[in-house]
Amino acid sequence: MKNIPTITVSELLAQAFIDMPQELPKEVQILVDSLIIDVAGLCVAARHADYVGASFRATFEAGQCTVIGHAQKGNVFTACFVNGTATHGEDYDDTFEGGPIHAGAVIVPAVLAACEQHGLSGSDLARGIAIGSEVMCRLCSVAPKLVHKAGFHPTAVFGAIGAAAGVASALGLNKEQWVNALGIVGSMASGIIEYLAEGTWTKRMHPGWAAHSGYRAARLAQEGFTGPRTLFEGEHGFFHAFANQDDNQFDEMLDGVGTKWLCADMAFKPYACGTMAHPYIDCARKLVAEGLQTQDIGSIECNTAEGIVHRLWEPLNNKRNPPNGYAAKFSIPYAIAVGMIRDDAGLIDYEESVVHDPKIRELTNKISYKIDPNNPYPKKFIGHLKVTLKNGEVLEAYQGHFRGGKDEPMSIDTLEQKFKANCMYGGWNLPEINQALEQIKGIRATTTVTAAQLAQ
């Protein structure tokens with residue numbers, strides 16, 4: 001880079017977050033509570049899953065950090081990796097319209113483990129979660145869609161940056177250390193999207209690895225290790241590497257940083273599958289509720305965004321016939337069919353026996369798409385179905401927003417019901433669930449963070 005700026009993007013971020021008031025805005029406090037509730041429930045729901053078992057066995061080293069849903073406490077790296085992997089494993093975690101990213105799956109495991117490891121307070125926990133989440137959301141504005149297009153998972157690569165920022169903030173690092181943490185973690189960020197080919201597990205581990213990397217980078221910076229100040233704008237920097245773009249504008253990313261909280265609009269999922277499929281499921285269920293009989297369907301055509309075709313629509317034959325439950329989570333044809341036939345798309349609707357149901361397969365093979373050049377993705381997630389019946393009649397449904405997002409947010413009561421249902425799915429009884437929920441609700445007020453009630 002010929003002309004290194006006097007003040008870099010990383011330094012502007014660091015200064016804004018270090019200088020901001022200690023007390024978070026009310027809407028951000030609510031978000032922090034909501035993220036912890038959602039993450040904890042998802043970890044419990046997945047605690048007996050094969051991929052969580054493999055993650056636990058491969059990484060376990062004893063320590064003082066909670067591995068949610070497990071009685072044994074692990075070291076900080078075990079907690080980061082297993083909790084991040086379990087949170088994201090069923091694709092039922094939070095999302096951000098404008099990304100899409102899943103901040104909670106990365107930031108909560110990283111900052112919670114850091115707080116338990118270093119005896120930090122509930123206010124440190126909240127600050128770290130808020131700032132880490134905000135950094136992830138703001139990164140989405142720099143090169144929309146290009147990170148995915150380059151073959152990387154935004155949650156993985158943005159997550160490493162967000163986790164480093166979150167842990168650095170919780171630990172109270174100074175400006176130089178904070179900037180170094182981001183510079184260091186840029187060399188740890190990773191996560192390709194080739195999992196789409198056969199529904200393998202690597203996407204599940206991306207948040208866990210990002211959380212682990214963010215903690216590691218922040219601690220290295222705390223002990224004096226250095227990283228490039230020009231992580232973002234540098235000639236060989238982050239967006240050059242992960243978006244194949246060099247002419248990056250950071251004005252939108254930096255606008256109002258420290259005072260305007262984009263993460264407060266984060267969305268929580270009502271369905272256990274890829275985010276952009278959700279409005280299509282709502283459309284499918286709406287048509288059935290209005291009287292559509294699936295046996296009368298001749299074909300279904302959906303308007304869709306070009307930016308999601310390579311992940312959720314193609315190869316079309318594979319998306320119509322997903323090989324397993326995890327692959328089905330990234331298939332809009334399956335999401336529409338299961339929504340119509342089972343009137344939901346929850347955890348049980350992605351179990352193997354359901355995915356291979358001949359009735360669902362028959363319907364998925366009637367579903368196709370066309371690209372709508374006016375689709376607002378990634379700013380908004382919308383859905384559309386045009387159903388042609390065997391008698392020639394045409395029915396249509398459209399939904400212009402993501403249910404659970406800023407246009408129709410999930411209430412805290414609904415989120416708590418989701419938490420309880422997830423914990424029951426994971427085998428907890430009602431007293432265990434209620435004790436855990438009470439601890440989560442009070443965690444921001446604690447002088448020393450502990451998540452003992454989540455280690456069952």
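Modeller: Let us begin with residue classes: Ala, Val, Leu, Ile, Met, Phe, Trp, Tyr, Cys and Pro count as nonpolar, Asp, Glu, Lys and Arg as charged, and the others, Gly among them, as polar. By these classes, six nonpolar, five polar and four charged residues line the largest cavity. Please keep in mind that this is a predicted model, where local features need pLDDT of at least 70 and side-chain atom pairs count only at pLDDT 80 or more, while totals for chains, interfaces and linings use all residues. Residues are numbered from 1 along each chain as its sequence is written, and side-chain values use heavy atoms, with hydrogens and water left out.

Biologist: What makes a space a cavity?

Modeller: On a 1 Å grid over the protein atoms alone, a cavity is a set of points where a 1.4 Å probe fits but cannot get out, and lining residues have an atom within 4 Å of a point. Four cavities of 30 Å³ or more are counted by this rule. The largest has a volume of about 140 Å³, where volume is the space filled by probe spheres set on the points, which are joined across faces, edges and corners.

Biologist: Which residues lie nearest the centre of the largest cavity?

Modeller: Those are His102, His148, Lys203, Met276 and Arg311, out of 15 lining residues.

Biologist: Now the rings. Why is the pair of Tyr51 and Trp201 called edge-to-face?

Modeller: Rings of Phe, Tyr and Trp (its six-membered ring) pair if their centres lie within 6.5 Å; planes under 30 degrees apart count as stacked, over 60 as edge-to-face and the rest as tilted. The centres of Tyr51 and Trp201 are 6.1 Å apart and their planes stand at 65°, so the pair is edge-to-face.

Biologist: Is Tyr51 buried or exposed?

Modeller: Buried means under 20% relative accessible area, exposed over 50%, and partly exposed in between (1.4 Å probe, protein chains only). Tyr51 has 3%, so Tyr51 is buried. Trp201 has 39%, so Trp201 is partly exposed.

Conventions:
1 Å grid on protein atoms, 1.4 Å probe; cavity = no way out; pocket = protein on both sides within 12 Å on 5 of 7 lines; lining within 4 Å.
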